Amino acid sequence: MKSLSESLQEVMKNRNVAANVTELMKRVLADPDVKSFLMQNKEQISREMVKSSQSKLYEFYHEKQLRAKGEATVAPGYSPQLVLNSGQIDVTYVPTQQLIEKERQRHIQRLVRSINMPKFIQHASLDNFFIDEEHQTATRMAALKAAIEFTDSYPADHFIPGLYLYGNFGVGKTYLLGAIANELAKKKGVATTMLHFPSFAVEMRNSIKSNSTSAKLEAVKKAPVLMLDDIGADAMSKWVRDDVLGIILEYRMQEELPTFFSSNFSMDELEKNHLAIDTQGDHEPLKAQRIMERVKFLSREMPMTGENLRSKG
């Protein structure tokens, strides 16, 4: 494959530019960035070096002009820079600020792993939590304050419990979880796993056939920060309650890993009206109590009230 310099030399020749190289190089050498580079390195650059490096200087000038016009360049997302390389003038390409920011955003998005979560959480932010001032209830303000305190103090030299957000549908529980996850990724570089628990339970049951339950469980329970959304939305089987949720919470309690929850039920309601009764109708309050002990260790209960913001369009 030909180098860009060789290709540019052919272009110059094919366009009959060779006869006007002197005029062309005047424009190149008059370029402010070229002049600045030659001036900064005048002690190391000779006339002969400039002459032998015409193709490199032209490459820099040509690529710079293309970028200024918004046209395709040899290295999209990168800008040319003149450098000295082994006693010769050369061109290197460095990432533009736009590319750096784009890659930073991609990295942030990769840190937030979502499983069966709504797309809007990708853009959720603490700054935009209150969409409408009319709905700035005291509980929403308290939840936001708790979220900010967590993201500001994490990580710490001691265990920081997550939040157990509960309230009616559409008051912003899931959005706030997404905003916390994005804030942790953006400012702290912390990886968060968010999952819609009822959907995850179905996925775990289906994975029995492929013998992949252990791998899925390992990935979730060891997440640096875990968020279980909509817990209690569907009735749980004994297996999901004890061998999925119970194992996740037990591991995270032992390892003191921050865990967040969202639910339509308060902790007391979740324990008595949901966890204590399985899909077969069996009443097992002791097992429900054991699960709730772990939930209470891992998170702090935070009610959220207000109108259904989703119905506002």
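This is a predicted model: local features need pLDDT of at least 70, side-chain atom pairs count only at pLDDT 80 or more; totals for chains, interfaces and linings use all residues.
**Notebook: rings and cores**

I began with R140, which lies over the face of F129, 4.5 Å from the ring centre (a charge sits over a ring if NZ of Lys or CZ of Arg is within 6 Å of the centre and within 35 degrees of the ring normal). Residues are numbered from 1 along each chain as its sequence is written, and side-chain values use heavy atoms, with hydrogens and water left out.

Next I looked up the aromatic pairs and found 8 in the structure (Phe, Tyr and Trp rings, the six-membered one for Trp, with centres within 6.5 Å; planes under 30 degrees apart are stacked, over 60 edge-to-face, the rest tilted). F120 and Y175 are stacked, because their centres are 6.3 Å apart and their planes at 20°. F129 joins F120 and Y175 in a cluster linked by ring pairs.

Then I turned to the largest nonpolar core, which has 30 residues (buried Ala, Val, Leu, Ile, Met, Phe, Trp, Tyr and Cys joined through side-chain atoms within 4.5 Å). F197 and L245 have the most contacts inside it. I also saw that F197 is buried, at 2% relative accessible area.

Notes:
Buried means under 20% relative accessible area, exposed over 50%, partly exposed in between (1.4 Å probe, protein chains only).
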